[in-house]
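Here is a short briefing to read alongside the structure. Take a moment to look the fold over, and then we can walk through it topic by topic.

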Amino acid sequence: VSVGSSNCIDFTAPPTNSPTAPPTFGSTSNIFYNPGFEDSRITPWYANGGIVQIDTIRHSGTQSVLCKDRSASWMGVEQDMLAGGGRLVANAKYNMSCWAKLKNAASATLRMTLSTEDGDGQHWKGISKSINNYSWTRVEGDLTVDAVGTLTAAKLYVNGPGSGVEYWVDDVSAILVP
């Protein structure tokens with residue numbers, strides 16, 4: 001083939017079957033997997049009761065998660081913070097945040113709840129803020145992961161509005177506070 005020929009082929013190597021290496025988390029990294037719900041699947045998020053589904057109403061990007069068909073205020077979207085290893089550190093402080101908006105109520109309180117289990121049993125702590133149905137609201141605060149002995153479970157879930165209230169969650173973040 002000569003220079004300027006239209007018979008050239010641009011060879012692109014085929015994809016490999018190697019799995020993608022898991023991310024590593026530094027001191028300024030958001031430790032959530034799929035924090036903006038932009039992956040084609042909702043995983044590793046899941047419903048802590050009720051139904052959670054990907055939706056196109058969003059704070060940023062192209063998607064968020066809609067929490068619906070909830071029969072109790074503690075139900076919502078949840079992620080296991082110990083799955084995948086090396087993400088949540090015992091006895092460390094994290095700045096936690098998310099953006100949220102109500103679908104079928106004028107205003108309600110939204111919570112980000114951290115459920116942990118250690119040598120002293122199960123514990124819950126959280127941050128909360130009033131959200132509405134006309135604008136996205138940032139819910140933010142610092143949470144310390146207190147642990148006695150070994151931290152055996154840690155799950156973060158976004159919950160709070162009363163039974164039947166639907167809401168969107170997007171751009172969830174947890175960053176280690178030095």
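Which residue is the bridge partner of Glu78 in S9? The partner of Glu78 is Tyr157, and this pair sits where strand S4 (residues 77-80) and S9 are joined by four bridges in the antiparallel sense. Please keep in mind that the model is predicted. We start with the overall picture and then move on to strands, rings and cysteines.

**Overall picture**

- Taking contacts between residues at least 6 apart in sequence, 72% join residues at least 24 apart.

**The five-stranded open sheet**

- Five strands make up an open sheet with the order S2-S3-S10-S5-S8, and their pairing is antiparallel.
- The edges are held by strand S2 (51-55) and strand S8 (137-144); each has a single partner strand, so one side of each lacks a neighbour in the sheet.
- On average, and with direction ignored, neighbouring strands of this sheet are turned by 30° against each other.
- Strand S5 (residues 93-102) is largely enclosed by the rest of the structure, because seven of its 10 residues are buried.
- S5 is joined to strand S10 (residues 167-176) by eight bridges, and the two run antiparallel. Here Trp99 faces its opposite number, Asp170 in S10.
- S5 also pairs with S8, in the antiparallel sense and over eight bridges. Tyr94 stands opposite Leu143 in S8.

**Strand S9 and its partners**

- Five of the seven residues of strand S9 (residues 153-159) are buried, so S9 is largely enclosed by the rest of the structure.
- Besides its bridges to S4, S9 is joined to S6 by seven bridges, with the strands running antiparallel.
- One of the facing pairs to look for is Leu114, which stands opposite Leu156 in S9.

- Thr116 belongs to strand S6 (residues 107-118).
- With a relative accessibility of 7%, Thr116 counts as buried because the cut-off is under 20%.
- Leaving aside neighbours within four places in sequence, Thr116 is in contact with Gly121, Gln122, His123, Val145, Asp146, Leu151, Ala153 and Ala154.

**Aromatic rings**

- How many aromatic pairs does the count come to? The count comes to two aromatic pairs.
- The rings of Phe32 and Trp45 have centres 5.2 Å apart and planes at 20°, so this pair is stacked.
- Phe32 and Trp45 are 13 residues apart, and both lie in the segment before strand S1 (46-47).
- Phe37 and Trp45 form a tilted pair, with 5.1 Å centre to centre and 45° between the planes.
- Together, the ring pairs link Phe32, Phe37 and Trp45 into a cluster.
- Both Phe32 and Trp45 are buried; the relative accessibility of Trp45 is 1%, and that of Phe37, which also counts as buried, is 0%.

**Cysteines**

- The count of disulfides comes to zero.
- Cys67 is in no disulfide, and the nearest cysteine sulfur to Cys67, that of Cys98, is 9.5 Å away. Cys67 counts as buried, at 0% relative accessibility.
- Cys98 is likewise in no disulfide, with the sulfur of Cys67 as the nearest cysteine sulfur. Cys98 is buried too, with a relative accessible area of 0%.

How values were computed. Residues numbered from 1 in each chain as written. Predicted model: local features only at pLDDT ≥ 70, side-chain atom pairs only at ≥ 80, totals over all residues. Heavy atoms only, no water. Buried < 20%, exposed > 50% of the residue type's maximum accessible area, 1.4 Å probe, protein only. Contact = heavy atoms within 4.5 Å. Phe/Tyr/Trp six-rings, centres within 6.5 Å; stacked < 30°, edge-to-face > 60°. Disulfide = S-S within 2.5 Å. Pairing = 2+ DSSP bridges. Axes fitted to C-alpha atoms, helices over the stretch in contact; angles between N-to-C directions.
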